[in-house]
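Here are my notes for a first look at this structure. Please read them with the sequence and the 3D view open side by side.

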Amino acid sequence: MRLPALFALSATALLAACAGTPDPGKDPTGSWVGALVTDQGTCPTEHPSTLRIRGKEILFTPADGAQVLHGTYTPGSQHYHAELAMTDMDHHNTAVVFNGYPVGQAIGGIFGSPSCRAHITMTRN
């Protein structure tokens, strides 16, 4: 009789833990971590990348390096956009861009720069 009770208690605890994780489509607040996967060019894949959403602020750090892309989050939006304006060696304006979207309990996205195009799937940290 104790084994079924233990199983029921374990199942209830597991379901409660799963129910406590907010859907990123409704509440993406927090830190999200994943690895960039190169689609084209040379991309920063040596370290995990981090997306942080706090209030209305979005920060994306590719390969947790020195570049930090900034954006603004609109509550209720299903789109997360951040960018960093840059100037190349020929003094042309260019941008490094991240576009994300909820995918189940994760956030997926596309990262692009003049030398790279990559995709990423991030989980809440």
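1. Layout. Starting at the N terminus, the order is α-β-β-β-β-β-β-β-β-β.

2. Ground rules. This is a predicted model, in which local features need pLDDT of at least 70 and side-chain atom pairs count only at pLDDT 80 or more, while totals for chains, interfaces and linings use all residues. Residues are numbered from 1 along each chain as its sequence is written, and side-chain values use heavy atoms, with hydrogens and water left out.

3. Burial and surface. The protein chain has 125 residues, and 28% of them count as buried. Buried means under 20% relative accessible area, exposed means over 50%, and partly exposed lies in between (1.4 Å probe, protein chains only).

4. Contacts along the chain. A contact means heavy atoms within 4.5 Å. Take the contacts in the protein chain with a separation of 6 or more: 39% of them join residues 24 or more positions apart.

5. The largest pocket. Its volume is about 160 Å³. Of its 15 lining residues, Pro44, Gln67, Phe111, Ser113 and Ser115 are the closest to the centre. A pocket here is an open set of points on a 1 Å grid over the protein atoms alone, with protein on both sides within 12 Å along at least five of seven lines; lining residues have an atom within 4 Å of a point. Grid points are joined across faces, edges and corners, and the volume is the space filled by probe spheres set on the points. By class, the lining holds nine nonpolar, five polar and one charged residues. Ala, Val, Leu, Ile, Met, Phe, Trp, Tyr, Cys and Pro count as nonpolar, Asp, Glu, Lys and Arg as charged, and the others, Gly among them, as polar.

6. Salt bridge. Which side chains meet in a salt bridge? Arg54 and Glu57 do, at 2.8 Å from N to O. The rule asks for a side-chain nitrogen of Lys or Arg within 4 Å of a carboxyl oxygen of Asp or Glu, and the count comes to one. Arg54 is partly exposed because its relative accessibility is 47%. Glu57 is also partly exposed, at 32%.

7. Thr61. This residue sits in strand 4 (residues 57-61). Is Thr61 buried or exposed? Thr61 is buried, with a relative accessible area of 10%. Beyond neighbours within four places in sequence, Thr61 contacts Ser49, Thr50, Arg52, Gln67 and Val68.

8. Ala85. Look in strand 6 (residues 80-87) for Ala85. Ala85 counts as exposed, at 66% relative accessibility. Residues up to four places away aside, Ala85 touches Thr94 and Ala95. From Ala85 to Leu69 is 16 residues in sequence and 8.6 Å in space, C-alpha to C-alpha.

9. Positive phi. Ala63 is not a glycine, yet its phi is positive, near 50 degrees. Ala63 lies in the loop between strand 4 and strand 5 (69-72), and is buried at 5% relative accessibility. His91, also not a glycine, has a positive phi of about 65 degrees. His91 lies in the loop between strand 6 and strand 7 (93-103), and is exposed at 67%.

Technical notes. Helix = DSSP H or I, 4+ residues; strand = E, 2+ residues; numbered from the N terminus. 1 Å grid on protein atoms, 1.4 Å probe; cavity = no way out; pocket = protein on both sides within 12 Å on 5 of 7 lines; lining within 4 Å.
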